[in-house]
Amino acid sequence: MNFDWLDSVGFFTIDLGLDRVYELLKRLGNPERNLKFLHVAGSNGKGSVCTFLETGLRGCGYSTGFYSSPHLVSLAERYRLNGKIVDNASLEVAADKVRAVVETMRSEGKGPTYFEITTVIAIVLFAQKQVDFAIWETGLGGRLDATNVVIPELSVITGISLEHTDYLGSTLAAIAKEKAGIIKNGVPVVCGPLKPEALAVIRETAAAHKAPLIEVMPYDADFHIFRQPDGSPRQELTLEGERVLLPLPGVYQRNNAKVAAAALAVLARKYGFELPVALHALEQAEWPARMQFIPSRNLLIDGAHNPEGAEALSLSLRELSPNGKFHFIAGCFADKNAEEVLRFLAPLALDFQFINFDGSGRAVCPPEQLSGLLAKYAPDCPSECRSLESAIADLPRPGLTVLTGSLHMCGEALALLQQDRQT
C-alpha cells in the first residue's frame with residue numbers, strides 16, 4: 001500500500017476541532033449514521049478496554065470494527081475487522097474513497113489532519129463492511145477529538161490523569177471536562193476509577209445530559225497470577241460474578257477488565273446477548289505492547305508513557321516477581337514527564353539502557369538526559385545510552401528485560417523483532 005499522500009499531511013500534527021471532520025463526512029454521505037459506536041476515552045487503558053469490548057462482543061457472534069491509535073508498526077493496525085488487522089485491499093478501497101474528498105478540501109484550504117483522515121477512513125471502512133458494532137477509541141481528549149462526531153450506543157471513560165496539558169488543561173478537572181465531551185444526551189456512561197476532582201466533573205456532565213452513569217470502583221476481589229509453560233504471565237479474576245482467565249497481566253488490566261465487563265453488562269441488557277459468554281471470550285484478548293511477553297527474547301513490552309502508566313507497570317512487575325529486579329530498555333518523547341516515570345521504575349532496576357529512537361519527526365528525550373534523571377533516584381544503578389537496534393540484538397539476557405516509556409518506541413521494537421523473525 002502506498003500512503004505517501006497521507007504521510008505528507010504530518011503524522012503528529014494536532015489541530016483540535018470537529019468542523020473539518022463533519023465536512024468530510026458530509027461530502028461522503030454521512031456513513032457514520034449507519035453504525036453503532038462504543039466510544040471510549042481515557043488517559044490510560046482505553047485501548048485495552050476497547051480490546052476487551054471487541055473480544056467480548058465478537059465472542060457473542062457480533063461482527064466488529066475496532067479503530068485505535070497510534071499504530072505500532074503499520075497504518076493497517078489502526079483498523080481491525082472481527083479481531084484481525086484489515087487486509088490491504090479493503091483498506092485501500094476505503095482510503096481511496098476518502099482521499100478523493102480530502103484532496104478537494106485541500107484545494108479549498110480546508111485540509112483535514114492526519115488523525116482526522118484516518119478516523120474517517122475507519123468510518124468508511126466499517127460502514128462498507130456493515131459491522132454490528134464499531135469500537136471507537138479517542139485519540140486526544142474527547143470533546144474536540146476527531147472521533148467525537150458520532151452518537152454512540154455507550155460512552156466509556158477509563159481513567160483521567162494529567163496529560164497533554166498544552167491542549168487539555170493543567171488540572172484534573174479541566175482534563176476531565178475534555179474527556180466528558182464524549183458524553184451524549186441520554187446515552188449511558190461507564191467510568192472507571194477516578195480521583196474525586198475528575199469524578200465530580202463526570203457526574204456533573206452526565207447529569208446535565210441525563211446520561212445514566214455507571215461508576216466502576218477499583219478491582220478488589222481475589223485474583224491469581226501465574227505463568228504459562230513458555231513464561232507468559234496470566235491472571236485469573238472475577239468479573240460480574242464469572243471467573244475469567246485473562247491473558248493480559250497487570251494491576252491496571254484488572255481495572256480495565258472490570259470497566260469493560262460493566263460496559264458489556266449494559267450492552268447485554270440492551271441487546272439481549274449472554275453476558276457470561278462475552279466475559280469468557282475475554283480469555284482470547286490480545287493487545288500488543290501492553291504487558292506483552294516475547295518468550296524467545298525473555299522480553300516484556302509495555303508502552304507506559306506517563307507516571308500513572310509507570311506506576312501501574314511497577315506494581316504489575318512486583319506481582320510477577322515480588323523480590324525481583326529487571327533490566328530496562330527505556331526511551332520517551334521530550335514532552336513526557338520522564339522524571340516521574342523513572343521515579344517509579346528505578347527501584348526495580350538492575351540496569352537501564354536509554355534509547356534515542358526514531359520518533360518520526362517528534363522530539364525524543366536525549367538518552368543522556370534520562371541517565372542524569374536516573375541518578376536522582378538510583379545513583380548506583382548502571383545505565384548506558386544505546387540504539388534500539390543494538391539493545392534488541394543483545395536479547396535474551398539472564399533475567400527479564402522490560403522495554404517501556406513510549407508506545408511509538410514499542411512499535412519500532414516490535415518491527416525490529418518482526419524483521420528478525422523473517423530473516
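What you're looking at is a predicted model, where local features need pLDDT of at least 70, side-chain atom pairs count only at pLDDT 80 or more, and totals for chains, interfaces and linings use all residues. Residues are numbered from 1 along each chain as its sequence is written, and side-chain values use heavy atoms, with hydrogens and water left out.

Let's start with the sheet. It's an open one, made of 3 strands in the order S9-S10-S11, with antiparallel pairing. (Strands are DSSP runs of E, at least two residues, numbered from the N terminus; two of them pair if DSSP finds at least two bridges between them.) Strands S9 (223–227) and S11 (242–246) stand at the edges with a single partner strand each, so one side of each has no neighbour in the sheet. From one strand to the next, the twist averages 20°.

Now look at S10, residues 233–239, which pairs with S11 over 5 bridges.

The structure holds 1 cavity of 30 Å³ or more, and the largest cavity has a volume of about 90 Å³. (On a 1 Å grid over the protein atoms alone, a cavity is a set of points where a 1.4 Å probe fits but cannot get out; lining residues have an atom within 4 Å of a point. The volume is the space filled by probe spheres set on the points.) Its lining counts 14 residues, and Ala330, Gly331, Cys332, Val341 and Gly405 lie nearest the centre. Helix H12 (residues 338–345; a helix is a DSSP run of H or I, at least four residues) gives the most to this lining, with 4 residues.

Methods:
Axes are lines fitted to C-alpha atoms, for helices over the stretch in contact, and angles run from 0 to 180 degrees between N-to-C directions. On a 1 Å grid over the protein atoms alone, a cavity is a set of points where a 1.4 Å probe fits but cannot get out, and a pocket is an open set with protein on both sides within 12 Å along at least five of seven lines; lining residues have an atom within 4 Å of a point.
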